[in-house]
Amino acid sequence: MKGSRKLRLAPLWPALAALAVMAMALVFLLPPLFERSVSDQLLDALRLVERAVAPALGEPPRELQARVTRLAADTSLRITVLADDGRVLADSDRTWEEVQRMENHSGRPEVLQAHQQGSGRSTRRSATTGRRYVYTARTFQAAAGAPRHVLRLAQPLDELAPMRGRLLEAAGLALLATLGVIALLSTWLDRRLLQPLASLIDGAAALAAGRYDRRLPVPEQRDLADLARAINRMTGRVEEQIAAVEKERDHLQTILASMSEGVLVVDGEGRAVLANPAFRRLLGPPGEVEGRLPFEMVRHPQLAAVIERTLAHGEAAADEVVLDVVERGAEAEPRTVALAGSALRIPPSGAAGDAKGNPGGVVVVRDTTQTTRLIQMRRDFVANVSHELKTPLSAIRGYAETLRDGALAEAATARRFTGRILEQCRRLQEILDDLLILSRLESVEIPLESRPVSLRRLAEGCLETISPYAEERGVRLLALPPGDDPPPLTGDRGALERLLLNLLENAIKYNREGGEVSVRVASTDGGSELLLEVADTGIGIPQAALPRIFERFYRVDKGRARDEGGTGLGLAIVKHVAQAHGGRVEVESRHRHGSTFRVFLPL
Ligand code: ADP
């Protein structure tokens, strides 16, 4: 715990600094103070010595020397008497002979100062004795009018060195004691404050790293405990808020992911902020979309145009895009999407919204292929129906007009024409019947009946019904092979009969004279499906037309089919009936050799 060690040592530094300052003060400031106080005392002592020396000034110099030596005996003091000109008259540390040889002392700093101010002091090493002294000097006169003398008193500073040693010793001891106290103090601080604080710091770092499930331990110390509890409360709230934000984000993402419409959100500059899976599926931008411009993502300029218009005017813009053209059977069908852009009111994230405050926009992409196809189919259907109805109607009108304009008079012609009119009316009737069946099959409101139907019995009945027509066309209907009797199927008997009759009718109609038609029923796919097969030896269907023959009004050979009285709706009904029963139709055909239609119906 690096931080904690730093914290533990923190109180040590000021204490050490204070001690160092104290030691410096002791070692460097005390000796001068001491010297000063010694010199003050010496100056006071000078007055006493002055009184003792003054009477001897009139005596012979030897007497003066003896008196001075006596005075200083048994003291550490040194007494020097100088004449006004600086000559040494007596010195307690020297013999009389030595005094005779002593140099003039008028240049000594304390003497010079005494001459100027009456008294002087100085601390230095003595040139005469070689020891360090505190010197003090005063000028004095034994009596008024008597010659002026200088009295000097000196004390060696030999005691100062041991004193300094003792001072250093005391400072060292104080330092040790302080260190001890600091050690005790910091251990106490460490246990009470620093360790809990360090664990709070660790916990807070974990929180900062996003581990919101962690809670800080609550220390004993009251303030720290309050702090830990406050942080824990705050963490709890942050955790709740993050959970709420995450939930909302997941919710939004689920909604966006489950939408069938593609959604692209762009910022104020038109750069993508997010795109949902449907958008990628519909417009297929490869890789990341975030931060990319529309033309970098997809190659449809309309997308960029819609985004630009939306952002520029701040209002909705729409467009339709043909993505590509896919082959659907024999026809090519365009795949289309509708684009709708609208301006965002609130920025979707901090990233959206540029410096000018444009919040960006959202573009919704909807696959309109199916709708377009349905619209197109309805349009084709109406055109086809009108076309189909137009031919018989104009024929009827033609015959009726001819009759009105005189043909009625000729009985034979009139009969022939009314016969034609009846034929065309039957044809109209057939078309309308087929259309009604188709619309009934397509409508959700009228459900098909659900009753058990035996396909074999149904097929036999239909073969009987259609046999006069087969005979008329010279086509042989083969009886069902014996033994084929799969279990009954649940369905609409009427609709299934229509299916079978339509297939049989076609098999006879598009056959040749002497041709054959056979029917087979069987169970397939391990008994889960029933097969109903109608095969003929007729004209067959060209390969290219195969995918389209189940479309409404589609005929391979329009002239022939119409001559045969076909409505072009028969196979559309077959397909619808099969699908309404959950089944499917397949066709296999060789041009000019015959066709086989297979209907698979689940049991
Ligand atoms: P239509 O009423 O004209 O027969 P259908 O929907 O029953 O209409 O059939 C569509 C077209 O499929 C027919 O016009 C015909 O060209 C072709 N077709 C259907 N069945 C056969 C078949 N068994 N043999 C040959 N062509 C067939």
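This is a predicted model: local features need pLDDT of at least 70, side-chain atom pairs count only at pLDDT 80 or more; totals for chains, interfaces and linings use all residues.
View 1. In the side chain of Asp 536, an N or O atom is placed 2.9 Å from a nitrogen atom of the ligand. The side chain of Ser 595 likewise has an N or O atom at 3.4 Å from a ligand nitrogen atom. At Val 556 the backbone takes part: one of its N or O atoms lies 3.1 Å from an oxygen atom of the ligand. On its own the ligand has 530 Å² of accessible area, of which the protein covers 98%.

**View 2. Secondary structure elements around the ligand.** Two or more residues of the shell are given by each of α14 (493–509), α16 (570–580) and β17 (594–602). The largest share, three residues, is that of α14.

**View 3. Composition of the shell around the ligand.** The ligand is surrounded by 21 residues, and the closest are Asn 506, Tyr 510, Thr 567, Gly 568 and Leu 571. By residue class, the shell comprises 11 nonpolar, seven polar and three charged residues.

**View 4. Cys 425 and Cys 462.** Zero disulfides are found in a search of the whole structure. Cys 425 has a relative accessible area of 36% and is therefore classed as partly exposed. Cys 462, by contrast, has a relative accessibility of 0% and so counts as buried, the cut-off for this class being under 20%.

Definitions and conventions:
Residues are numbered from 1 along each chain as its sequence is written. Side-chain values use heavy atoms; hydrogens and water are left out. A residue is near a molecule or strand if one of its heavy atoms lies within 4 Å of it. A polar contact is a pair of N or O atoms within 3.5 Å; within protein, one must be able to donate a hydrogen and the other to accept it, and residues adjacent in sequence count only if both atoms are side-chain atoms. Accessible areas come from the Shrake-Rupley method with a 1.4 Å probe; for residues, only the protein chains shown count as cover. Helices (H or I, at least four residues) and strands (E, at least two) are DSSP runs, numbered from the N terminus. Ala, Val, Leu, Ile, Met, Phe, Trp, Tyr, Cys and Pro count as nonpolar, Asp, Glu, Lys and Arg as charged, and the others, Gly among them, as polar. A disulfide is a pair of cysteine sulfur atoms within 2.5 Å. Buried means under 20% relative accessible area, exposed over 50%, partly exposed in between (1.4 Å probe, protein chains only).
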